[in-house]
Amino acid sequence: MDLPEVSLRLWRPEDAPRLFDLLRRPEVTRWFGESSRAPLTHLEQALQRIEQWALTFDGHLGTWAVLAPDRADPVGSVLLFGAPHALHGEVEVGWYLHPDAQGHGYAAAAAALAVRGAFAAGHHEVWALTHPDNHRSRATAGRAGMRDLGVVDGLWHDGTSQLFVAERTDDDG
């Protein structure tokens, strides 16, 4: 399947209603880590997230809004971050979409774009961990060009995860 064209930009304060609509949904947040799994309950929380993401953005690690050319509002987020408790500076990619944008390839396209950005910034590998039962995210990692390394337990995050990796090639440099 060819991936659709998407672009990434930082979330903006005027995007807070869309982000709130996205992160208020348990069907979206259920796959997040334990500390961020609770759905948002107030628009102000979405604005706080956007402000925090802007403060912590470092040029190539951060949280971006995913834009599709046929949509007025962001369709979701893609994240590129230092893996928690990483031993060697490992970088992890993650994604989530609004339910009205799922099934179009936007998440895979955004993840692939974030991975290319990480390679351009000098990283040689980008990792993704999904819940083993999150079949949509597992499929997204594969469509984004990541290799499935199987199930791991307690790697960077508590619990069992499906581990994926994208490795830089000479063509990526």
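This is a predicted model: local features need pLDDT of at least 70, side-chain atom pairs count only at pLDDT 80 or more; totals for chains, interfaces and linings use all residues.
I started with the charges: the protein carries 15 positive and 24 negative side chains, counting Lys and Arg as positive and Asp and Glu as negative, with His and the chain ends not counted. The centres of the two sets lie 6 Å apart, with each charge placed at NZ of Lys, CZ of Arg, CG of Asp or CD of Glu.

Residues are numbered from 1 along each chain as its sequence is written, and side-chain values use heavy atoms, leaving out hydrogens and water.

Next I looked up the fold. I found 5 helices and 7 strands (DSSP runs numbered from the N terminus: H or I of at least four residues for helices, E of at least two for strands). Along the sequence they run β-α-α-α-β-β-β-α-β-α-β-β.

Then burial. Buried residues make up 44% of the 173, where buried means under 20% relative accessible area with a 1.4 Å probe, protein chains only.

Which residues of α1 are buried? I got A16, R18, L19, D21, L22 and L23. That is 6 of the 8 residues of this helix (residues 16-23), so the rest of the structure largely encloses it. Its cover includes α2 (26-29), α3 (43-56), β3 (76-82) and β4 (91-97).

Last, contacts (heavy atoms within 4.5 Å). Among those between residues at least 6 apart in sequence, 59% join residues at least 24 apart.

Key. Buried means under 20% relative accessible area, exposed over 50%, partly exposed in between (1.4 Å probe, protein chains only).
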